[in-house]
Amino acid sequence: MPSRPFIKLPPPPPSRIIQYGGYYYEFAEEVPEELVCSAICTKVLRDPHLTDCCGQHFCNSCLQHWFKRQGEQVCPHCRKESFNHILDKPIKRRIDQLRVHCTNHKAGCEWVGELSTVQTHLDSDSGCGYVEVSCTNRCRSSTIPWGILKMRRKDLARHLEQECPERRYKCKHCKKEDTYKTITRQHYKQCPNYPLDCPNECETTEIKRAEMDQHRSKCPLEPVECPFKEAGCQVKVVRKEFESHMANSQQQHLLTLMGAFRLAKADLETMKVEKGDLEAN
């Protein structure tokens, strides 16, 4: 396309690219010169208007911006001070049919289509996978305080199915349903069917939390106290060694009982003496 003089306006801020000036797309075909904004933004025409003074085409937003800067309606090309301009529908149809790359082409999107379908491609849930979208469960970002997690659209399905802490999730032990975060961080700590290992490290594993007391009442490695504890036997054994302890400690238990009996008898005699003294006084 041959070069030509033009009046350069300040580039629009990124947030206004779609509203101001021509199209900033990357075109997949050569664009005819007549489809380019004359003398102002020099981009492919958006909302193309034709002037009746010199027959040039301008983006309507470019004309409005030009008029505002000049303070009067003067043609940017031929400088005529009074002229009319109208939407050129045939030119607009030609522009709408130009083939363009997706705006996320450099990020990896390979879509190419007519200019009129770009926005549909970007906005559709089944469209461009490289558009940044928010988690539909509104889960929080770990890097932005109070911010909603954002990702590429193509990653959203996997995130919602496998990663999102706010996704619906069933406890696989009792089938209670809540968010993944609630089930794994809170519910598992009290779920009656949650599998636990025996605290005594016996061979039994995956014991339901609700059945743990029942298991410990029979666990061979559960520590048990000797029934002669009150008499003075301080030996503590595991349940599987209890019978052996009782059988092997009979003499010791008898001696312990005799010692306890002597102490009790001595205490009784002392109490009788003290009672007699009280009655005598």
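This is a predicted model: local features need pLDDT of at least 70, side-chain atom pairs count only at pLDDT 80 or more; totals for chains, interfaces and linings use all residues.
Biologist: How many disulfides does the structure hold?

Modeller: A disulfide is a covalent bond between the sulfur atoms of two cysteines. To count as one here, two cysteine sulfur atoms must lie within 2.5 Å. The sulfur of Cys128 has its closest cysteine sulfur in Cys102, at 3.6 Å, which is too far for a bond. The number of disulfides in the structure is zero.

Biologist: Which cysteine holds the sulfur closest to that of Cys202, and how far away is it?

Modeller: Cys202 is buried, with a relative accessibility of 12%. Its closest cysteine sulfur is too far for a bond; that sulfur belongs to Cys198, at 3.5 Å.

Biologist: Is Cys128 buried or exposed?

Modeller: A residue counts as buried under 20% relative accessible area. The relative accessible area of Cys128 is 1%, so Cys128 is buried.

Biologist: Are the rings of Tyr188 and Tyr194 stacked, edge-to-face or tilted?

Modeller: The structure holds four aromatic pairs. One of them joins Tyr188 and Tyr194, with ring centres 5.1 Å apart. Planes under 30 degrees apart count as stacked and those over 60 as edge-to-face. The planes of Tyr188 and Tyr194 meet at 40°, so the pair is tilted.

Biologist: Over the ring of which residue does the charged end of Arg167 sit?

Modeller: The charged end of Arg167 lies 4.1 Å from the centre of a ring.

Technical notes: Residues are numbered from 1 along each chain as its sequence is written. Side-chain values use heavy atoms; hydrogens and water are left out. Buried means under 20% relative accessible area, exposed over 50%, partly exposed in between (1.4 Å probe, protein chains only). Rings of Phe, Tyr and Trp (its six-membered ring) pair if their centres lie within 6.5 Å; planes under 30 degrees apart count as stacked, over 60 as edge-to-face and the rest as tilted. A charge sits over a ring if NZ of Lys or CZ of Arg is within 6 Å of the ring centre and within 35 degrees of the ring normal.
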